[in-house]
Each structure stands twice: as structure tokens, then as C-alpha cells.
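Subject: Handover of a structure

Dear colleague,

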Amino acid sequence: MRATTLLRRAGVLLGILALAFTGLSATPAAAADYERVTGFGTNPGALTMYRYLPDDLPANAPVVLVLHGCTQDATGFATSSGWRSYADARGFALVAAQQETANNASRCFNWFQSGDTARGQGEALSLRQMVAHTVAAVDADPSRVYVAGFSGGGAMAASLLAAYPDVFAGGAILAGVPHGCATSMVQAFGCMNPGTTKTAAQWGDLVRKQYPGYGGPWPTVSIWHGTSDTTVVPANAGESVKQWTNVHGTDATADGSASLPGGVTRKTYEGSGGTVVRDYRVSGMGHAVPVRPSEGCGTTGAYAADVTCSTAHITADWGLGGAVPDPDDPGTPGDPEPSACFTANNDAHVQAGRATVRYGYAYAVGSGDLLGLWNTYTVTSLARTGPDWYERVTAC
């Protein structure tokens, strides 16, 4: 029996027994809106590719690759975590990769197998081929390609950033582990809980050895973790901070901190070119993706917490059509009072400058929150939380 077959079967056992890197169920009604793409490359990892393209997607648009957790499917995760609605709102091509049970019985990406995480091999190469195919097919901007993943998908996202820093401009690791934490089933258990501790230099070296001699810019990284996660313990977030700050040539001492709505604390780490790592900790949240259904961002479930729209923050961190305001910024003289709330129909919001229109739908100015159809019948509430920044709320 080939060694790769043995490794994949070990991965199956790990997926069944331990990787409760799990997630949301599929959303069948949304599947018709996705295109299954075949022939995107040699696909050595035997993965399945789905793609969602907003109507009238312009040339030179960004591309975002999303990676689900174990037991999840690609399109269900992409929709239920808010990525599809934000592809519409912020104008990017969305690629949703799917693991298959032939590779791992629990549909976990094989983040703990070096043959699937190394540059030019296995699942990592399949994922790289998916984004390359999309860039060429829709004339997208190759300098604005990003990846986000949850749990096992977050661990694989970290490995993609290490293997292909020349492809991905940024990434988001949600409830994941540092790249290179495990190369076997036994090690994977330990990475998840209680976690593995290394020096910043040791973590950084694991990234650098994926592409020896690389001298270009490294991707910026957003790290998200619940403080009550017992499946993948929060210590992993701290180790990921150490890893990516070291890669960027800075230290793991935060240069800034802010308290955000929903019990979220964000720490920022600066490099020579600006913020290179953002560390988001969600107080009291377990193993989950932070979503905000009342603001048109995803749906709640066993592995999705109604806290805040992590997708809004992540896309803003990447500069994709919006910016999340700094709660510590007092503003400048002449700025409007930040605390105000408006309930009106979507056309009135647009006429007042609180919303914009894209393809017949209204979106809040600043946050990009989806408000629904642009008409005089759909009534929504918007809270002004900063200058030229509005967020959808349940009621004023």
C-alpha cells in the first residue's frame, strides 16, 4: 500500500475521532447560485471546486478562497458564514473549495499531512490551481487574492499562506492552528488541545522553509478565536500571532488594542509597511465562526455564534470595499455625532446617503451590510457608529 494512502487513511481516523473541526450544514437553496468548476488543473488533492460570481463582476476584481471545517460542505459554509453576501456587497469572485470523503471521511482538509500542505503538492496545489483558474477566467486581479478558513480549513489556510506567499495577499485563520503544528495524527491531537508551544523563530522557520529563498512580501494575517473554545484551544491563536509576526520581522507585542462590539478584543501588530497581523478574541465564544444574521451576515448554528460579522472585519482588513471604524478614534471637529439610529425604507436610506445601490440591492454605507431590495417597501434600521459609517441593526 502506498504511503500516501496510509496517510490519508490516518487522516480519516483523525477526522472521525478528533477533528470536531466541524461546522454548519449545507444550504441546498443556495447551491444553485454556485457553479461547479471542473478541469481547473491537475488537481492532485482530488478536491471539488465551486465558484460564485456576483452579477456584472468588473475586471480586476479580487478573488477570495474559503475553506470549510470538518463535516461541512463548500457552498453551505460560504453562504452561512456570510461570504456569499459579501461577495455581492464588495464585488469579489468567491471560490469555495470542498474536501471529499474519499480523501477524509469527515471532510477535513488534511492540514496535518505534509504531502497536502507543501508548495506544489497535494491539496495545497489543488487550491492554488482553483484561484489561478479563477483569476484567468474572470480577468481578476492576481495581486488581490485572499484565503479564509474555519477550524480545519483555518489550519489549511495557514499552510496556504506559508506555501504560496506569492499568490495570497492576505489570509484569515478562524479557530485554526499555526502552520506546521502537526505532521501526524498524534501531533494533530496535541495541537488542537492542549496546544503546542514553540518560540516565535521556530514557528517562523516552519513557514519560511515552505518556500526557501522567497524574498517578496508576506501575506497579512487576521486571526480569530473564541476564548471558550475547547475543541481548538485559544492558545493556538497566540502561537499563530508569534508565527506570523516573526515571519514579518516584528515581535509579538501588540502595538494597539481596541474593544469592539460583541465582546471582541482586537490587537494589532505593525510591520515596516503597516499592520501585518490582527488578533481578534471573542469573549465567551466556543468553537465557532462569528456571524451577525440581523445584519445580513450569515446564519447561526452549532458552530456559528451571533456575535459580530467576522466577514465584514476580514474583508475590511483586506481593503475590499469597506473599512471598519476604529472605536478609539475620537473623530475630527465637524464629524457628525456617531450615535444615531434611523429607521426608513431602503430608498430613503439611499436618498439620505446612508446606503448605496448595487445590482438592485441596498447596502449600508461604510459597513456594506446588506439591507435587501432597493425599494420603498423594505424597511430597515441603520445605526451610525462613526463618520460615514452605518451598520444594520434589528431596531432603533
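The lining of the second largest cavity consists of six nonpolar, three polar and no charged residues. Here Ala, Val, Leu, Ile, Met, Phe, Trp, Tyr, Cys and Pro count as nonpolar, Asp, Glu, Lys and Arg as charged, and the others, Gly among them, as polar. Please note that this is a predicted model, in which local features need pLDDT of at least 70 and side-chain atom pairs count only at pLDDT 80 or more, while totals for chains, interfaces and linings use all residues. Residues are numbered from 1 along each chain as its sequence is written, and side-chain values use heavy atoms, with hydrogens and water left out.

The second largest cavity holds about 30 Å³ of space. Among its lining residues are Trp-111, His-179 and Cys-181. On a 1 Å grid over the protein atoms alone, a cavity is a set of points where a 1.4 Å probe fits but cannot get out, a pocket is an open set with protein on both sides within 12 Å along at least five of seven lines, and lining residues have an atom within 4 Å of a point. Grid points are joined across faces, edges and corners, and a volume is the space filled by probe spheres set on the points.

In the largest cavity there is about 40 Å³ of space. Its lining includes Phe-77, Trp-83 and Ile-314, and helix α11 gives the largest share, three residues. Helices (H or I, at least four residues) and strands (E, at least two) are DSSP runs, numbered from the N terminus.

Helix α11 (residues 310–317) also packs with helix α4 (residues 83–90): their axes come within 10 Å and cross at roughly 45°. Axes are lines fitted to C-alpha atoms, for helices over the stretch in contact, and angles run from 0 to 180 degrees between N-to-C directions. The angle makes α4 oblique to α11, given that angles under 35 degrees count as roughly parallel, over 145 as roughly antiparallel, 65 to 115 as roughly perpendicular and the rest as oblique. Trp-83, Tyr-86 and Arg-90 of α4 are in contact (heavy atoms within 4.5 Å) with residues of α11, including Thr-311 and Ile-314.

Helix α4 also supplies the largest share of the lining of the second largest pocket, three residues. This pocket has a volume of about 370 Å³.

Lastly, helices α9 (residues 200–208) and α10 (residues 235–247) pack at about 65°, with axes 8 Å apart; they are therefore roughly perpendicular to each other.

Yours sincerely
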